[in-house]
Amino acid sequence: MRGARRGAVAVGVVHVLLAVLALGAVAVLGTGADPDRVDLRVTLPDPDPRLPVNADVLVIVRPPGTVVLDTTKEKRGAWLADVLPAKEANVLGHAGAVDAKAFVSRDGALSRGVWQFGIRDGVDPHVALRAADDLYGAGGWQRAPGPRRGLLVRAQTQPIAAYRAHYVVGPYLIRVEAYGSDAAAVDREFAALAGRQLAERPPR
Amino acid sequence: MTRDVPVTLLRAGAALLITYGFLVTGFLASHGSNPQPIAGLREWVNRPLGLGEDFGPLGLMVLLLCTGYAAGGFVRTYLPVGVATLLAAGAVLIGLDISTVPPDKSVTLANVAGNLTFASHLVADKTLLVPLAWVVGCQLVACLVAFDRRGWFAPAAVLVAVGELCVLAANGVDLDHLARPLLFLPLVLLGHVVRRLHDRALPAWAGLLLGTGCLVALAAVDRTFPDLRKWWYPVAATYAVLVFLVALLVSGRTAASVAGRTVTRWLADRVEWLLVLSGVVGFAVLNALRLHIPVPVGMIVALVAVGLAADACHRLTRRRSGT
């Protein structure tokens with residue numbers, strides 16, 4: 001019995017030492033947070049902390065077709081400049097966007113995409129919504145009727161048929177897009193994709 | 001080394017996890033509260049490990065594996081549901097708020113009978129007085145399976161039944177209310193198969209086949225019912241099975257020493273009572289005290305109340321059932 005007790009004490013001591021080692025490392029080295037990036041923090045709502053993962057980490061649906069861009073596996077998403085044209089990355093960055101998680105798929109000449117831009121703490125995501133919509137308006141894209149209030153849709157017919165729609169979900173600016181050479185197919189697929197995304201995550 | 005040692009240890013551990021996950025944090029979550037250190041534990045332990053509901057399902061899974069491994073008597077297994085259902089009905093009728101908060105008018109003789117016979121769990125949209133009673137239902141299946149002397153037939157038959165219900169659900173039959181029992185049931189069978197292998201009552205190949213079938217059934221249920229996916233139950237099941245097997249294989253003198261302690265045996269013997277009474281006695285006490293004393297103090301009072309109630313029920317029913 002004394003041997004068993006001594007064994008239990010030894011196991012306990014080893015666990016305490018391991019815990020001291022780990023906590024000491026955190027105390028000396030910090031938790032891994034980067035103070036230089038504190039301005040880029042996006043605080044997510046956590047509607048149900050009992051879930052094994054925050055359901056609001058990813059709020060976009062996967063479009064049909066062959067996925068040619070997927071940045072959703074990256075914990076923080078991709079840097080804007082890595083996945084957007086420089087001008088657009090600049091405009092959205094100034095409007096508070098920090099990173100982008102996106103699915104873009106291709107199906108012949110038709111492309112579909114759903115993007116989730118994280119908006120940093122302290123900035124109203126609707127500022128980014130207006131900035132994105134104004135950017136396309138300034139580029140000659142026409143306002144198009146949206147399937148739902150809160151969704152700002154822009155469309156163009158030349159050089160290719162295209163739709164880009166934006167709306168806000170929590171701390172995210174969401175973009176739904178479809179473009180290709182077949183205008184009828186683009187109309188149809190954009191409506192289907194926007195409908196799916198809005199059903200999954202309506203504006204809020 | 002007796003085989004009771006790992007089972008005692010695991011059941012005691014399950015009692016702690018279940019009480020924490022379904023009473024302590026379950027009550028706080030039902031009121032939208034996420035205080036420290038619970039929030040920290042979720043951030044640093046639960047989510048990195050992929051465990052939802054604050055270890056509660058992990059505790060249930062460990063408990064069911066142990067039940068399959070060492071099933072008890074039918075009557076003694078059923079008693080917690082019978083007593084807790086009657087207590088819950090009485091609590092609602094005198095106006096106490098329990099975990100389900102059913103309206104008074106739903107506590108009719110028919111509804112109580114439905115809860116006592118598990119009919120309310122088998123039919124959709126019925127008022128459940130003891131929501132976790134289905135766990136005891138799974139344990140009763142373990143008792144039935146243990147009657148099968150061949151060892152393989154009963155688990156195989158239950159697995160086929162689970163598979164058929166999955167096929168029905170996939171084809172549009174509304175069985176969502178059975179999703180959790182169906183997902184957890186294969187763990188009872190797995191515990192039974194491990195026991196048969198341990199006793200050399202089952203060839204290794206048959207055990208391997210059945211064990212694989214149990215894990216496949218669990219995964220199939222998880223994929224069949226979309227509402228389950230967000231909870232990542234297969235992750236918890238993986239931990240539960242690993243902990244169960246490791247405990248069986250490597251329990252030594254230290255484990256025997258811990259299992260022999262009074263507190264360990266107390267928890268292990270009363271885990272089913274703690275499970276069913278947490279939502280009845282625990283929630284009733286917490287809801288009654290919530291506006292009068294600080295929640296942490298109320299939580300301690302509720303834990304003591306649940307412990308006393310579980311102890312009383314255990315002692316009374318042990319005497320009655322002659323075990």
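Modeller: Let's start with how elements are named: helices (H or I, at least four residues) and strands (E, at least two) are DSSP runs, numbered from the N terminus. In chain B, the loop between α1 (4-30) and α2 (38-49) holds Pro37(B). This is a predicted model, where local features need pLDDT of at least 70 and side-chain atom pairs count only at pLDDT 80 or more, while totals for chains, interfaces and linings use all residues. Residues are numbered from 1 along each chain as its sequence is written, and chains are lettered from A and ligands numbered from 1 in the order in which they are written.

Colleague: What makes the peptide bond from Gln36(B) to Pro37(B) cis?

Modeller: Look at omega: for Gln36(B) to Pro37(B) it is near 0°. Chain A has a cis peptide bond too, joining Gln158(A) and Pro159(A), with omega about 0°. Pro159(A) sits in the loop between β6 (152-156) and β7 (161-169) of chain A.

Colleague: Why is Phe55(B) called buried?

Modeller: A residue is buried if 20 or more other C-beta atoms lie within 10 Å of its own, exposed if 12 or fewer, and partly exposed in between, with C-beta atoms placed from the backbone. Phe55(B) has 26 C-beta neighbours inside 10 Å, so it counts as buried. You will find Phe55(B) in the loop between α2 and α3 (56-69) of chain B. Its phi is near 75°, a positive value in a residue other than glycine.

Colleague: And what makes Arg200(B) exposed?

Modeller: Arg200(B) has 9 other C-beta atoms within 10 Å, so it is exposed. Arg200(B) also has a positive phi, near 55°, and is not a glycine. Its place is the loop between α9 (179-198) and α10 (204-224) of chain B.

Colleague: How do you know how chain A compares with a compact globule of 204 residues?

Modeller: We use the radius of gyration, taken over C-alpha atoms, and a globule rule of 2.2 Å times the number of residues to the power 0.38. A compact globule of 204 residues would come out near 17 Å, but chain A has 23 Å. The C-alpha atoms of chain A fill a box of roughly 85 × 35 × 30 Å along the principal axes.

Colleague: Which elements does chain A have, and in what order do they run?

Modeller: Chain A has five helices and eight strands. From the N terminus, they go α-β-β-α-α-β-β-α-β-β-β-β-α. Of the 204 residues in chain A, 31% are buried.
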